[in-house]
Amino acid sequence: MRTARFTLDPAFTVGAVNPRLFGSFVEHLGRCVYTGVFEPGHPTADAEGLRQDVLELVRELGVTAVRYPGGNFVSGYKWEDSVGPVEDRPRRLDLAWRSTETNRFGLSEYIAFLKKIGPQAEPMMAVNLGTRGVAEALELQEYANHPSGTALSDLRAEHGDKAPFGIRLWCLGNEMDGPWQTGHKTAEEYGRVAAETARAMRQIDPDVELVACGSSGQSMETFAEWEATVLKETYDLVDHISLHAYYEPHDGDVDSFLASAVDMESFIENVVATCDHVGARLKSKKKINLSFDEWNVWYMTKTQAEVSALDWPEAPRLLEDNYSVMDAVVFGSLLIALLRHADRVTVACLAQLVNVIAPIMTEPGGPAWRQTTFFPFSQASKYGRGEVLDVRVDSPTYDTAKYGEADLLHATAVRAEDGSVTVFAVNRSRTGALPLEVALSGLELTEVVEHSALADADPDARNTLAEPERVVPHPVDGTSLRDGRLTAALEPLSWNVIRLR
């Protein structure tokens, strides 16, 4: 196979990686919360009912911002139900996922969970702009953030949280462009309520960071027109606009599935173009950044039948996709796409964190384990901090039904503060190793610290309750750095991390 090549030069960069790029998402959906992060009575549960085995894995995963409480769930969410004495909290029907919500885990428990992850875990709170509006958003903001001396801040203290939660990052609703959303709105309707909410929230705190709802996918009929209309109303009031994207193979088209990041990069670039067009029309020097606050591999085609069959159970098993090596390679490629646009994608949330299309799985009363997708995320979060270098590949290509000609190599590189560089690379070929050659210009690098790969002779191999460590990254021999030139061979269908210093 022809060698894939690119050049790294510190003079050519994309931008600095915002730590929020390694965010995740906890929604009241299926078992993400109950028997996921929260299971009183579990052998590892702490005094607050949080599973410590899950906490350990979340810390290892390297999660930063955690979006909560939805997702579709938020469009029917009454925040008042989730605070105060647990025994007094009401049970509610969750229309989004046809389940019963007990509210045993609520706002205070969410904040406590983040504190136990560590100082890097930042709250990212969504407000309900589906069935509620400005007044309720302001009440939640006052309850969560005002120090003391008002009815709602004093109520928080009465509930046991004297210190304010300090939530800086807020989502103005969720997927309001989607007809499936409770309280779905047109772009004009949503733009108006989002602007009203943003303006009012800034009256309480001018320094809040706000995310307006963008399109739920590039395939939406209203895509781009939605963003333009919403931003016309909110441009000077918000900091980010959201993107959501999920990928799965359709009709056995694996080649297109492997090139899913082609669509993700196109989505990002088209939203950036729309944002900048609106900014130009408004004669504004401000740049709107992107919050890719839902992304993943998700076998969505089976979800509708799962949900429609439910009869309002508590925490049913929903969206519990078991990921293969192939899924993990696509997942890693999506991470590369985010890093390649770090100049404008300043928030990203893997959906979701535990059990629900998640890198971490649990069994009620039993163990927790890592899915195949756990490893690309944890490695990117650990080694993908710093400045993204501009990577333009010269790669062999292959044909896809959805995206036309696609590169077999998908890659990026991040330079850390200490000058070390990590290359993240995916080989999309299912049949052959891909020779790689990287020219290093202006980088004082002399050795390969490590080359690890996630790959397997069986692309359908996966980690399960019975075999929780069937798939793990393995070291790769033969990678060398001589005279400013890195050479490696990327195994077929593989996610690769090459660390240089």
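Student: Quick one to start: which residue stands opposite Pro-475 in S22?
Tutor: That would be Ser-452. Keep in mind that we are looking at a predicted model.

Student: Okay, and how is S21 joined to S22?
Tutor: Strand S21, residues 448-454, runs antiparallel to S22, and 2 bridges join them.

Student: What sheet do those two belong to, and in what order do its strands come?
Tutor: They sit in an open sheet of 7 strands, ordered S2-S15-S18-S19-S25-S21-S22, with antiparallel pairing. Its edge strands are S2 (13-16) and S22 (474-475), and each of these pairs on one side only.

Student: Which strands does helix H10 lie across?
Tutor: Helix H10, residues 325-339, lies across S15 (387-389), S18 (409-415), S19 (421-427), S21 and S25 (494-500). Its direction is at about 135 degrees to S19. Helix H11, residues 374-383, packs on the sheet too, touching S18, S19, S21 and S25. The angle between the directions of H11 and S25 is about 20 degrees.

Student: Stepping back, how many helices and strands does the protein have?
Tutor: It has 11 helices and 25 strands. The radius of gyration is 22 Å, close to the 23 Å that the globule rule gives for 501 residues, so the protein is as compact as a globular protein of that length. Taken along the principal axes, its C-alpha atoms fill a box of roughly 70 × 60 × 45 Å.

Student: Now pockets. How much space lies in the largest one?
Tutor: About 1100 Å³. The lining of that pocket has 44 residues, and those nearest its centre are Trp-180, Ser-216, Tyr-246, Trp-298 and Met-300.

Student: Which elements supply at least two residues each to the lining of the largest pocket?
Tutor: Strand S10 (240-247) does, and so do the helices H7 (254-258), H8 (260-281) and H9 (303-308). By class, the pocket lining splits into 19 nonpolar, 17 polar and 8 charged residues.

Student: And how many cavities of 30 Å³ or more are there?
Tutor: The structure holds 3 of them. The largest cavity has a volume of about 80 Å³, and its lining includes His-28, Tyr-34, Asp-94 and Pro-316. Strand S6 (residues 99-101) gives the most to that lining, with 3 residues. The classes there are 5 nonpolar, 4 polar and 2 charged.

Student: What about the second largest cavity: which helix gives the largest share of its lining?
Tutor: That is helix H3, residues 134-145, with 3 residues. About 70 Å³ of space lies in this second largest cavity, and among the residues lining it are Tyr-77, Trp-79, Arg-132 and Glu-136. By class, the lining has 5 nonpolar, 1 polar and 2 charged residues.

Technical notes
Residues numbered from 1 in each chain as written. Predicted model: local features only at pLDDT ≥ 70, side-chain atom pairs only at ≥ 80, totals over all residues. Heavy atoms only, no water. 1 Å grid on protein atoms, 1.4 Å probe; cavity = no way out; pocket = protein on both sides within 12 Å on 5 of 7 lines; lining within 4 Å. Points joined across faces, edges and corners; volume = space filled by probe spheres on them. Helix = DSSP H or I, 4+ residues; strand = E, 2+ residues; numbered from the N terminus. Nonpolar A, V, L, I, M, F, W, Y, C, P; charged D, E, K, R; others polar. Pairing = 2+ DSSP bridges. Contact = heavy atoms within 4.5 Å. Axes fitted to C-alpha atoms, helices over the stretch in contact; angles between N-to-C directions. Rg over C-alpha atoms; globule rule 2.2 N^0.38 Å.
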